[in-house]
Each structure stands twice: as structure tokens, then as C-alpha cells.
Amino acid sequence: MWNSFRTDSLVGLAAEVLTFPGGYDDEIHAWVARPTGEGAEGTLPGVVAVHHMPGWDEFYREFCERLARHGYFVVCPNLYERFGQGTPDDIAAKARSQGGVPDDSVVADCAAALTWLKAQPVSSGKVGIVGTCSGGRHALLAASRVAGFDAVADLWGGGVIMAEQDLSEARPVAPVDYTADLAAPVLGLFGNDDRHPTPEQVDEHEDELKRHGKQYEFHRYDGAGHGFFYYHTPMYRPEQAMDGWAKVFDFFGRHLGG
């Protein structure tokens, strides 16, 4: 929870860019953040952070650092690695112009990040996955298709529910259609003013989770739309965002430890 640390704690934060073998054995960049201090060996739960459509950007670096301050070893792979290098805005624009990153590529990179995290000496063996916007969709998709995730947090993921005309070569199957294969508990945070996903689509997703007997908890916020965590945009809603962060920390704390 917020402000839950002790003032005499000697815990710090390490954050840096590393490379690791991603999907298809491609070497990809990742932002890695973790708490530092003695006694961490074999104790840190991991989190794969799945960046949003605006790219592998500064917001996601700060997003990872906040999770790390609360006891998690976080890796955020650059899902746009294969579109080249440049500023986050330029590479995100290039990815969009080419139809976006394929779902199979995202799943492969998330699976590789899971394997990498579990192999680290400080790993407790527990790993969750979280994403916002398209990253929420991708987090749910990866947790449904890859065994080994212990919890998944979908923060207003659009495109979980997809009409037939929305399917494409890059996105051939709606994530909701993999619900039967989902083994991890799900946290969902949504703004009731959002149009992607709409409240009706959130209802449909919830109905499918219920139908398959999945463990989940959805929280919906009045006065909030898409991206209400994004303090660098007009979409930011501080009260709803801070309550949402508390929900994330509580959910990961129960299912991952930390």
C-alpha cells in the first residue's frame, strides 16, 4: 500500500536498460527495476510490465520504478524492438504505420521475460504481468497463452472484445476467446467513461470470466475514462488513479507476495 515503508528501512532502487533473449531468440532491450538491499536473495516476486501503444516510453519507466519501490523485480521489454531504434514517439508511430506489433510477437517476448525473471537469483519464483491500454490487452493475452504467470492485471485494456471485422493478420484472435485457457487470477481496472473498452465490453468480458469459473475482480470508476493513471495527460484522475494503484498493490501482494 501507499506509504507502507518504514522510515528506517535501508532499501534502495536500481533501474537500468538491459538486453536479454526475447521472443524468437532476438536480443531485445528491456527496462529493469528492482529494490536493493541485503537479504533479497530468493525473495523478490517478479512482474512483467507490458507497455502501451505510445511505446516503450518514459511513463513506463516510472511505472516500473513505482512497482519496484513496493518490492517487485520488474522487467519491461521493448515490444517494438523489431521496428528499429529512435525516440519512443518515432518508433511507436512507425509501429502503428505498419499495423502494430503482432500478437504472437508480444506473447513470445512476454514468455521470454517470464523465463528471464524466474532465472534471476533474487527471484521468489512468483511472477505477475500488468499492462495499461493495449498493454492491458497484451497482458491478458500473454497470461492466457503462456503457462507460469501467477497473476494478471488488465488496466483498461481495449480490444479484449473484438468484432470479426476488427481481427487482422497481426491480431487474429480476440483475447477473450482464450478465457478457458487462463489459469492466473485477474484484476481489471476500468473507467466508466471509457469508449475502448466500453462499459458494455467490460460486462461481456466479466460474463465470460464467470462462465468459465475464473478467479477475477473488476473495479470500475465513475468520472474516469481511458488512461486515468496517465499523470502527464489531461486524462489523469488523481483520486481514481491512487485508488487503482492501491488495488494493484493489494492484488499483487495477495497473489505474488512482496
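## The H226 loop

The backbone oxygen of H196 lies 3.1 Å from a polar atom of the H226 side chain. This comes from a predicted model. H226 sits in the loop between β8 (216-221) and α6 (238-256).

H196 is one of several contacts of H226. Setting aside neighbours within four places in sequence, H226 also touches C133, W156, D194 and M235.

## The sheet

Eight strands form an open sheet with mixed pairing. Their order is β1-β2-β4-β3-β5-β6-β7-β8. The edges belong to β1 (12-21) and β8. Each edge strand has a single partner, so one side of each is left without a neighbour in the sheet. From one strand to the next, the twist averages 20°.

Take one pairing within this order. Strands β3 and β4 (residues 73-77) run parallel and are joined by 3 bridges. V47 has V74 in β4 as its bridge partner.

## Helices on the sheet

Helix α4 packs on the sheet, where α4 touches β3, β5, β6 and β7. The direction of α4 makes about 140° with that of β5. Helix α5 packs on the sheet as well. The strands touched by α5 are β6, β7 and β8. The direction of α5 makes about 165° with that of β8.

## Helix α4

Helix α4 covers residues 134-145, 12 residues in total. From its first C-alpha to its last, α4 reaches 16 Å. That is close to the 16 Å expected at 1.5 Å a residue.

Most of α4 is covered: 11 of its 12 residues are buried. The buried residues are S134, G135, G136, R137, H138, A139, L140, L141, A142, A143 and S144. What covers them includes the strands β3 (44-50), β5 (123-132), β6 (151-155) and β7 (186-191). The helices α3 (103-118) and α5 (199-211) also belong to this cover.

## D103 in α3

D103 lies in helix α3. Is D103 buried or exposed? D103 is buried, because its relative accessible area is 2%, and buried means under 20%.

Leaving aside neighbours within four places in sequence, the contacts of D103 include R137, H138, L141 and R145. D103 is also in contact with A170, R171, P172 and V173. Of the residues it touches, R137, H138 and L141 are among the buried residues of α4. Helix α3, which holds D103, is part of what covers the buried residues of α4.

Terms used:
Residues numbered from 1 in each chain as written. Predicted model: local features only at pLDDT ≥ 70, side-chain atom pairs only at ≥ 80, totals over all residues. Heavy atoms only, no water. Helix = DSSP H or I, 4+ residues; strand = E, 2+ residues; numbered from the N terminus. Expected span 1.5 Å × (residues − 1). Buried < 20%, exposed > 50% of the residue type's maximum accessible area, 1.4 Å probe, protein only. Contact = heavy atoms within 4.5 Å. Polar contact = N/O pair within 3.5 Å; in protein donor to acceptor, adjacent residues only side chain to side chain. Pairing = 2+ DSSP bridges. Axes fitted to C-alpha atoms, helices over the stretch in contact; angles between N-to-C directions.
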